[in-house]
Amino acid sequence: MAQLKFVDVNKVYPNGYHAVHDFNMEIKDGEFICLVGDSGCGKSTTLRMIAGLEDITSGEFYIDGVLSNQKSSRDRGIAMVFQSYALYPHLTVYENLAFGLTLEGIDADVIEEKVQATAKILGLTDYLERFPRQLSGGQCQRVAVGRALIRKVNIFLMDEPLSNLDAKQRVTMRSEIKQIHRSVGATTIYVTHDQTEAMTMSDRIVVMKSGGYVQQIGTPFELYFYPQNLFVAGFIGEPPMNFIRGVVEDGKLKGYGYDLKPIVKNVKAIEGKEVVFAFRPEAVKLGKSKTAYTLNSVVELTELLGDTTNVYATVENEDGAKTNVILKVNPHDTPKMGSNFRFIVPYKSAYLFDSETEQIIENDIVRK
């Protein structure tokens with residue numbers, strides 16, 4: 001296993017583009033870390049700097065306490081799985097798995113043992129004599145993972161390895177990769193644009209924003225229930241968190257009448273500020289409560305998903321300004337399109353952000 005550390009790592013390309021800004025993080029032995037974010041956020045660039053495929057412009061990168069900025073890729077103890085699988089089409093599955101070991105001059109008997117063991121772990125034993133063109137996308141991805149796994153390295157890097165698979169294959173491969181990680185124990189850094197992959201697979205997630213800025217690092221639970229800014233709140237979660245903008249007046253959200261004192265430590269400190277009142281789609285409930293906000297909406301569209309229904313609605317303030325929201329409700333409670341729909345948001349499920357800084361306005365609420 002391996003421990004990684006980044007200290008003020010930056011990547012600036014010769015044309016002046018600053019791809020990664022002041023990346024700071026410590027990764028523990030055996031952790032599964034996901035890098036997520038929108039396009040151009042620098043997640044793949046960060047992965048390539050770890051691999052030694054991109055030079056670090058400034059800052060320090062350590063592997064097991066050893067400064068590794070100038071280490072070559074082959075000396076870093078790293079195996080990488082690419083989005084495109086990168087299999088050799090003219091080689092069988094067996095030959096693809098054995099390729100790296102053959103280059104290292106490993107004895108044929110040892111290669112046979114390692115290939116068979118790896119194939120068994122990945123369910124590829126019956127496909128060893130096939131060529132990549134004879135495999136499904138999921139099977140090709142297993143071979144790509146196996147080629148990295150067979151080298152017994154301490155660090156696995158994966159760059160959107162499941163993006164070429166269909167939805168069903170992705171679910172299966174997510175489970176398989178996680179099980180492999182548990183059995184092998186290697187430190188794994190995984191880049192994805194799919195937040196579901198990140199939430200279900202990782203020990204911790206790094207959320208990055210366009211321009212290469214880290215927004216928050218935390219466990220899936222921390223990012224989902226305790227987002228530190230608007231970007232993380234809007235990026236993590238499907239459907240995304242709902243945002244209602246307004247100004248604080250007399251301790252309430254002007255135009256809506258929501259009393260903010262139950263969810264803000266010091267409401268006087270934000271008097272007159274523009275804020276963002278937020279809640280997740282699944283946080284809504286029906287009925288009445290003394291510890292919840294009551295919101296009135298007009299239903300625009302409904303989507304039955306089986307176990308839940310997405311309700312697209314508009315919430316209107318006293319001045320007639322409308323805000324679109326998405327609600328997740330029980331299918332048996334689905335309102336009719338065009339109808340008025342009243343719902344509540346419990347205090348513990350409501351968030352408040354500063355509209356100017358986009359940072360969360362802290363409170364003492366425990367969210368579950």
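Is Asp-354 buried or exposed, and what is its relative accessible area? Asp-354 is buried, at 9%. Buried means under 20% relative accessible area, exposed over 50%, and partly exposed in between (1.4 Å probe, protein chains only).

This is a predicted model, where local features need pLDDT of at least 70, side-chain atom pairs count only at pLDDT 80 or more, and totals for chains, interfaces and linings use all residues. Residues are numbered from 1 along each chain as its sequence is written, and side-chain values use heavy atoms, leaving out hydrogens and water.

**View 1. Asp-354 in its strand.** Asp-354 belongs to strand β19, residues 350-354. Helices (H or I, at least four residues) and strands (E, at least two) are DSSP runs, numbered from the N terminus. Setting aside residues up to four places away in sequence, Asp-354 touches Lys-273, Glu-274, Gln-359 and Ile-361. Contact means heavy atoms within 4.5 Å.

**View 2. The side chain of Asp-354 and two backbone nitrogens.** The side chain of Asp-354 comes to 2.8 Å from the backbone nitrogen of Glu-356. A polar atom of that side chain also lies 3.2 Å from the backbone nitrogen of Thr-357.

**View 3. Cys-34 and Cys-41.** The whole structure has 0 disulfides. Cys-34 is in no disulfide, and the nearest cysteine sulfur, that of Cys-41, is 12 Å away. A disulfide is a pair of cysteine sulfur atoms within 2.5 Å. Cys-34 is buried, with a relative accessible area of 0%. Cys-41 is buried too, at 1%.

Terms used: Polar contact = N/O pair within 3.5 Å; in protein donor to acceptor, adjacent residues only side chain to side chain.
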